[in-house]
There are 4 protein chains.
Amino acid sequence: MTVPPADVPTGIWFNGARGSVATTAVTGLLALRENLVAPIGCVTEGAAFENVRLPRWSQIVVGGHDVVNDPIEKRAEHLVGTGVIPPEVYRAVRPGFAAVEAELREGCQLASLTGTQHEAIERMAADIAEFRERNGLARVVVVNVASTEPPVPLVDDLRDADSLDRALRDPSSRLLPPSSMAALAAFRAGCAFVDFTPSAGARLPALEQTAERQRVPYAGSDGKTGETLLRTVLAPMFTSRALRVLSWAGTNLLGGGDGATLADSVTAESKMRSKSGVLPSLLGEDVPAPLHIDNVPDLGDHKTAWDHISFEGFLGIRGTLQFTWQGVDSSLAAPLVLDLVRLMAAAQAAGSVGPVPELAFFFKDPVGLDSHDLAKQQRQLVEWAGSLPTSTS
Amino acid sequence: MTVPPADVPTGIWFNGARGSVATTAVTGLLALRENLVAPIGCVTEGAAFENVRLPRWSQIVVGGHDVVNDPIEKRAEHLVGTGVIPPEVYRAVRPGFAAVEAELREGCQLASLTGTQHEAIERMAADIAEFRERNGLARVVVVNVASTEPPVPLVDDLRDADSLDRALRDPSSRLLPPSSMAALAAFRAGCAFVDFTPSAGARLPALEQTAERQRVPYAGSDGKTGETLLRTVLAPMFTSRALRVLSWAGTNLLGGGDGATLADSVTAESKMRSKSGVLPSLLGEDVPAPLHIDNVPDLGDHKTAWDHISFEGFLGIRGTLQFTWQGVDSSLAAPLVLDLVRLMAAAQAAGSVGPVPELAFFFKDPVGLDSHDLAKQQRQLVEWAGSLPTSTS
Amino acid sequence: MTVPPADVPTGIWFNGARGSVATTAVTGLLALRENLVAPIGCVTEGAAFENVRLPRWSQIVVGGHDVVNDPIEKRAEHLVGTGVIPPEVYRAVRPGFAAVEAELREGCQLASLTGTQHEAIERMAADIAEFRERNGLARVVVVNVASTEPPVPLVDDLRDADSLDRALRDPSSRLLPPSSMAALAAFRAGCAFVDFTPSAGARLPALEQTAERQRVPYAGSDGKTGETLLRTVLAPMFTSRALRVLSWAGTNLLGGGDGATLADSVTAESKMRSKSGVLPSLLGEDVPAPLHIDNVPDLGDHKTAWDHISFEGFLGIRGTLQFTWQGVDSSLAAPLVLDLVRLMAAAQAAGSVGPVPELAFFFKDPVGLDSHDLAKQQRQLVEWAGSLPTSTS
Amino acid sequence: MTVPPADVPTGIWFNGARGSVATTAVTGLLALRENLVAPIGCVTEGAAFENVRLPRWSQIVVGGHDVVNDPIEKRAEHLVGTGVIPPEVYRAVRPGFAAVEAELREGCQLASLTGTQHEAIERMAADIAEFRERNGLARVVVVNVASTEPPVPLVDDLRDADSLDRALRDPSSRLLPPSSMAALAAFRAGCAFVDFTPSAGARLPALEQTAERQRVPYAGSDGKTGETLLRTVLAPMFTSRALRVLSWAGTNLLGGGDGATLADSVTAESKMRSKSGVLPSLLGEDVPAPLHIDNVPDLGDHKTAWDHISFEGFLGIRGTLQFTWQGVDSSLAAPLVLDLVRLMAAAQAAGSVGPVPELAFFFKDPVGLDSHDLAKQQRQLVEWAGSLPTSTS
């Protein structure tokens with residue numbers, strides 16, 4: 001079987017390219033290219049992926065959209081101040097930001113959009129296609145890392161690709177949220193799409209149809225980096241031991257842009273929904289599971305999660321588990337973004353179309369979910385990686 | 001293939017039959033027999049074991065050795081007071097203790113032993129064999145739940161079954177610790193042996209040879225019920241995400257008999273060794289991992305473990321995880337003991353000889369270890385269960 | 001100076017006499033009378049109160065109102081099951097419940113009230129007065145331990161005792177919440193009143209005037225038993241060291257009646273308000289302080305609070321403090337209730353009228369507050385106790 | 001009353017001037033002088049000290065001894081890397097290090113000492129006196145912040161100033177540990193002495209006599225910055241509420257120089273002893289209180305303490321409190337060092353001689369202790385401050 005090689009020039013196109021996650025990923029990519037840092041946190045550097053034909057760090061080029069204009073170098077400098085990027089890494093890679101900056105384009109803001117959404121999406125798709133041509137890239141993976149959006153009601157026009165297409169040409173329509181515009185632009189440009197947020201993105205029937213028609217793969221949603229990551233190993237621990245979880249309470253404290261965005265209860269609803277499916281699925285029943293996300297500005301990107309799990313054991317005797325997870329949000333997310341780009345590039349090269357459930361390992365709310373159990377997801381990922389073309393094939 | 005059925009009268013012979021773990025297991029067994037409680041904490045009641053030919057609760061008969069003489073009913077009453085056994089369960093099963101009491105025999109205390117260890121072991125084996133005959137049992141599983149012993153230096157006579165046999169006939173020799181006497185008695189009586197403690201038990205070359213010669217299986221060591229259980233899901237979480245664990249500190253607080261035993265630093269050494277292999281194996285390297293077990297009498301059986309894990313992520317940025325596990329030790333252990341008895345009976349029925357590494361899921365320091373990763377151990381267990389004779393075969 | 005002696009027969013009249021706090025207090029009082037238990041948790045048994053003329057346990061008689069009818073003995077038995085009352089204490093004091101039961105009267109339920117609130121309050125006052133006469137009590141302290149009520153809007157008729165009196169005679173008026181009816185009944189009967197909940201109780205201008213007119217003292221509000229207790233020692237620690245608290249997040253998990261009541265967000269508002277004044281007052285500024293109270297039924301009376309405090313130190317370097325408090329709510333509250341009864345009896349005996357700010361030590365939201373600092377409150381309490389008539393004066 | 005003014009040029013002489021605490025204090029002092037930072041963590045900047053005649057930041061000059069030679073500027077740069085000093089503060093104050101460097105002298109290392117200890121101490125005293133003259137200082141406060149030493153056995157020659165003096169002239173004698181040499185040098189030079197470590201320092205009868213003879217004050221021992229600070233507010237909380245603490249377990253994790261020093265069990269003994277007096281004194285009884293200090297190199301100066309407190313309340317019902325304190329050791333210590341210098345200068349100006357128990361607020365193991373209760377200690381400190389000459393007197 002002859003497949004297009006994956007280890008060829010590959011692009012990342014960020015939707016939200018000046019945000020913390022993208023900026024951290026870019027900084028890290030620049031450092032990895034030069035071998036300035038060890039690839040800690042990068043799953044695709046593990047033994048299981050050794051022979052998989054993945055783009056090398058030096059082959060990955062970055063571009064993207066954003067609705068704000070602060071130079072990415074300034075954003076990186078800011079992240080040095082908040083403890084997300086070490087100052088010595090920043091200093092070492094600083095010259096590399098200019099080339100990335102040159103590939104960033106203004107994103108589409110619904111509030112100030114003139115013309116139809118259709119036109120806006122076409123422009124976005126053109127930006128991506130031009131980026132691919134200009135850089136001689138074999139393929140581009142579009143990754144949504146923009147701010148979380150409120151949930152989107154599933155109206156009829158979102159159920160069908162043709163209806164959607166018509167609706168988008170109506171000048172008064174603002175049917176699609178920005179994340180789904182990004183997904184649609186990706187598909188139109190023939191690109192794979194990854195939603196690293198809980199926003200709608202590609203998860204609307206009309207979008208899913210479009211991906212199939214365009215023969216492109218997509219993955220998501222909502223990168224699993226903290227509390228939920230822990231839940232997906234701890235809940236299986238309880239069930240594997242036949243211990244009955246009675247309640248699972250959680251509190252998340254964080255500041256930064258994410259904290260501010262999630263302080264809005266409507267937006268937070270998307271995150272809450274994304275997180276809330278995990279426990280019932282893993283425990284096999286609904287247990288009381290109060291969950292809070294609090295905006296604590298002083299914490300910035302240093303998020304803290306506290307979970308309290310109450311369980312029943314032999315003869316009804318109770319026990320509890322509490323954990324406190326303290327991590328830097330963008331730092332936990334960025335290497336997964338790079339992993340996903342490499343893996344989606346390989347998936348597209350191998351002909352994958354539609355949802356890629358084998359990447360569930362990375363997400364809180366995975367498309368085409370089989371299981372939320374991290375160990376199972378990892379096995380699935382590794383098996384899938386083993387089925388991809390090898391670097392020597 | 002025709003195999004002896006496992007769902008036939010089966011015995012448990014406890015070494016340490018009046019201790020907290022055995023007493024809790026007995027109380028629970030009495031309650032399970034009468035369907036008074038749900039089998040929470042019993043892994044073998046899960047879907048994966050549905051078709052495996054395991055002894056039913058009503059087919060399991062209990063006997064055992066102990067060096068103390070308090071009636072088991074009194075011990076159970078005491079455990080009601082310390083929150084290990086619910087009062088209503090105790091009251092419901094109380095009439096059942098008499099039959100168990102009638103099957104308990106005085107154990108061997110090295111300090112007051114007259115005669116050779118050989119004679120003592122023969123007497124112990126005879127007790128077990130008579131128990132089997134008297135109750136018409138197809139087989140008996142011997143389970144060591146006596147107090148943890150100090151580590152045993154591996155002298156030459158312990159390296160070879162024949163040398164050991166000669167040495168044990170020397171009236172002045174006290175070569176074998178009690179746990180290994182129990183193992184040897186089990187093997188002599190043709191019984192499977194489980195070591196639920198970190199004591200030497202069957203883990204001496206001479207004993208291992210004896211098990212092979214007697215064609216009996218054994219399993220162990222040291223039931224995994226708390227801090228180590230968590231470590232075997234959390235360490236794989238870090239490695240699966242390519243996060244580098246920098247240190248893993250642990251503090252264990254407990255009272256009760258176990259707390260007092262482990263307050264002795266020589267004895268605690270066995271427990272420490274048993275626990276200490278887990279992290280290097282799972283993390284692939286040695287990290288600073290200070291570990292303490294403190295005797296805090298007021299906590300009784302309610303043990304508390306606090307772990308602090310420091311890790312390095314993308315670009316060297318740090319994070320931490322802390323957990324606090326609060327559980328009732330004997331309550332966590334007892335259902336696993338019952339599981340092990342059922343599974344070892346099935347193993348012996350199926351012709352298993354020597355170490356049974358597929359039971360690693362239950363132990364801190366498993367014989368014939370493949371991996372400390374709980375998810376892998378569970379898969380291995382389930383696959384092995386699938387290979388056992390089914391209840392309809 | 002001759003004062004009426006306090007160590008004379010004294011009554012407690014509970015509003016909410018069949019609730020968990022009252023039932024636990026009654027059980028404890030019965031046990032203390034017989035010297036069956038040590039007075040752990042009773043502040044008034046400390047050295048500072050040795051010479052203060054306080055009613056002895058054996059001199060305290062209990063009566064009360066409740067809107068439910070379950071026998072108090074049954075309620076106590078239930079609390080044995082939930083771990084609030086030890087079974088051996090329950091068994092020992094059981095014969096004593098009958099006498100308490102005989103002094104309980106049906107409380108007033110607004111929903112089913114016929115007639116005016118004025119008449120209902122007169123009946124309640126009469127119940128209290130008859131209890132005092134029947135038992136030959138020198139005085140009665142009325143304690144509100146009924147369920148927390150939603151906040152009460154301060155309409156004009158609540159601002160003035162005479163207006164209130166007129167309004168209560170209007171058959172269509174339901175102006176006063178049950179806690180304030182209890183306070184008014186106490187005042188009409190010439191009794192001291194303690195509000196152990198965050199409900200309005202005596203904290204309405206019209207009620208405050210009535211207390212002054214009737215020459216009776218009152219104290220409250222909202223017993224300080226857990227998270228807030230800790231905050232009132234930890235916040236002063238930070239300020240005394242000139243460390244700047246940046247945020248103070250809190251999560252409370254509890255079940256039981258309280259958990260269910262507070263699951264209603266309108267009612268919870270009273271509790272939230274009561275708790276929310278503490279930090280700004282102690283820290284001298286408002287800091288982000290998200291606070292949650294979650295209903296987690298399986299925890300019952302075993303409440304758990306987790307607080308996360310972020311602070312800034314020298315040169316702006318950050319630190320954090322987290323605590324987890326696990327306690328049994330009614331068990332923490334009951335001894336304080338008994339303390340308050342003794343102290344309010346002494347206060348009334350000594351001629352105290354209106355708010356008693358020296359009891360701030362016991363409350364989350366103290367009347368006539370000077371400081372929320374527990375150490376200062378304790379000093380104030382001890383100094384005040386020193387000013388009360390001594391048992392030998 | 002005319003007293004020598006305190007707000008005159010004042011010196012700090014550090015024993016251990018190139019260590020983390022001294023370096024952080026120096027950096028902070030340089031920043032405070034220029035008003036570059038707010039005086040967070042400096043108790044003497046509070047309202048209670050407003051009118052006390054204390055040396056102003058601009059009037060404080062730094063010198064000191066150390067046995068290592070790395071430039072203090074390099075040490076500060078290192079502390080930027082470990083998160084103890086913010087980079088922008090370092091950059092702003094950098095020019096100021098040269099003047100401090102010029103005042104640093106080589107300390108005395110016992111291992112390489114030639115000649116008698118008497119001569120060495122005379123040289124140290126001369127260094128201090130010359131520093132005072134050279135800078136025209138009214139007085140100098142000597143502060144020991146060198147590494148913790150093992151406990152010193154109290155031999156006869158340490159019991160009496162004259163015996164000690166004779167013994168020190170014996171060329172073969174190495175009687176005094178370095179901390180006590182520093183104290184003696186301070187006293188000989190007529191200077192106040194502060195021991196911020198648990199080493200012997202001035203706490204030997206012969207040294208105490210010397211302080212009295214030289215008419216100088218001293219304070220100590222062992223700055224209270226973390227776990228013990230919390231214990232001195234939490235233990236009084238329990239006793240004030242008549243709750244009975246049953247056990248109080250503690251684990252301390254830290255790296256850095258302190259972590260390495262305390263990894264040595266002999267040295268750690270000094271720290272353990274210093275910490276261990278607090279609980280029995282505050283609780284009025286000895287409770288099981290296992291305590292560990294673990295060297296966890298990756299944590300560096302970011303120390304973490306976890307305490308688990310088990311208590312008994314009303315009717316014997318149990319509860320627990322756990323806390324986790326995460327702070328940067330030198331950052332917590334440095335402002336207290338500056339506070340102590342200002343206060344000891346004022347004390348000496350006001351004629352204070354011998355131990356200054358009013359400074360107990362700052363120490364784990366205070367000289368002339370009245371109480372370990374932080375709130376009491378603070379009151380005592382504030383009252384004492386009120387008795388010092390005011391800046392307008």
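A residue counts as buried if 20 or more other C-beta atoms lie within 10 Å of its own; the legends below use the word in that sense and describe a predicted model.

**View 1. Strand 1 of chain A and its buried residues.** Thr10(A), Ile12(A) and Phe14(A) point one way from strand 1 of chain A, while Gly11(A), Trp13(A) and Asn15(A) point the other way, and all are buried. In a regular strand the side chains alternate between the two faces of the sheet. Because 6 of the 6 residues of strand 1 (residues 10–15) of chain A are buried, this strand is largely enclosed by the rest of the structure.

**View 2. The strands paired with strand 1 of chain A.** Strand 4 (residues 139–144) of chain A runs parallel to strand 1 of chain A and is joined to it by 6 bridges, with Asn15(A) standing opposite Asn144(A). Strand 2 (residues 60–66) of chain A also pairs with strand 1 of chain A in the parallel sense, over 6 bridges, and there Ile60(A) is the bridge partner of Thr10(A). Between strand 1 and strand 2 of chain A the chain passes through helix 1 (residues 20–33) of chain A, forming a right-handed β-α-β crossover.

**View 3. The contact between chain A and chain B.** Each side is made up of 46 residues, 46 from chain A and 46 from chain B. On the side of chain B that touches chain A, the largest share, 10 residues, comes from strand 10 of chain B, and by class this side has 28 nonpolar, 14 polar and 4 charged residues.

**View 4. Strand 10 of chain A beside strand 10 of chain B.** These two strands pair in the antiparallel sense over 7 bridges, and among the bridge partners are Thr320(A) and Gln326(B).

Note on methods. Residues are numbered from 1 along each chain as its sequence is written. Chains are lettered from A and ligands numbered from 1 in the order in which they are written. This is a predicted model: local features need pLDDT of at least 70, side-chain atom pairs count only at pLDDT 80 or more; totals for chains, interfaces and linings use all residues. A residue is buried if 20 or more other C-beta atoms lie within 10 Å of its own, exposed if 12 or fewer, and partly exposed in between; C-beta atoms are placed from the backbone. Helices (H or I, at least four residues) and strands (E, at least two) are DSSP runs, numbered from the N terminus. Two strands pair if DSSP finds at least two bridges between them. A crossover is right-handed if, with the strands pointing away from the viewer, the path from the first strand over the helix to the second runs clockwise. Two residues are in contact if their C-beta atoms, placed from the backbone, lie within 7 Å. Ala, Val, Leu, Ile, Met, Phe, Trp, Tyr, Cys and Pro count as nonpolar, Asp, Glu, Lys and Arg as charged, and the others, Gly among them, as polar.
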